[in-house]
Amino acid sequence: MVGVVPRAGPLGEGVVQRRKAELERDLQAEAAWIGTHFPHLTIEAAVDPGDPIAQLTAAARDAQLTVVGTRGRSGFTGALMGSVSRGVVLRAAYPVMIVPDLKDERLSDQPEPQQQA
């Protein structure tokens, strides 16, 4: 007997656009929060679909320092560094700083990300 496994279809454009809008809203809130604490900084924030490692590595070419956060969700290796941050460190030819996701009182007014629907 041959079983038929249902296949998930491609993500609809509406789903992709809705998720991108959610990410942009969260990112803009974070950028605004940073701007209130460091008004002298120029902050560029964008959500660009694609391979994050390739995009961050390309952006690092024009930066004095690329700062990448990590939450370390990929098993044992991820406990130290996430896959994206690790990929950026290994491929970037310019300075990269990895910042872990730590609880800190100074961040108490940081905006919380919206829950994904």
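First, the ground rules. Residues are numbered from 1 along each chain as its sequence is written, and side-chain values use heavy atoms, with hydrogens and water left out. Because the model is predicted, local features need pLDDT of at least 70 and side-chain atom pairs count only at pLDDT 80 or more, while totals for chains, interfaces and linings use all residues.

Confidence next. The mean pLDDT, the predictor's confidence in each residue from 0 to 100, is 80 for the protein, and 79% of its residues reach 70 or more. Helix 4, residues 83-91, has the highest confidence at 90; helix 3, residues 75-78, has the lowest, at a mean of 51.

Now the layout. The protein has four helices and two strands, taken as DSSP runs numbered from the N terminus (helices H or I, at least four residues; strands E, at least two). Along the sequence the pattern reads α-α-β-α-α-β.

On contacts, meaning heavy atoms within 4.5 Å: among those between residues at least 6 apart in sequence, 62% join residues at least 24 apart.

Of the 117 residues, 15% count as buried, which means under 20% relative accessible area, with exposed over 50% and partly exposed in between (1.4 Å probe, protein chains only).

Is Thr57 buried or exposed? Thr57 is buried, at a relative accessible area of 11%. Leaving aside residues up to four places away in sequence, Thr57 touches Val88, Arg91 and Ala92.
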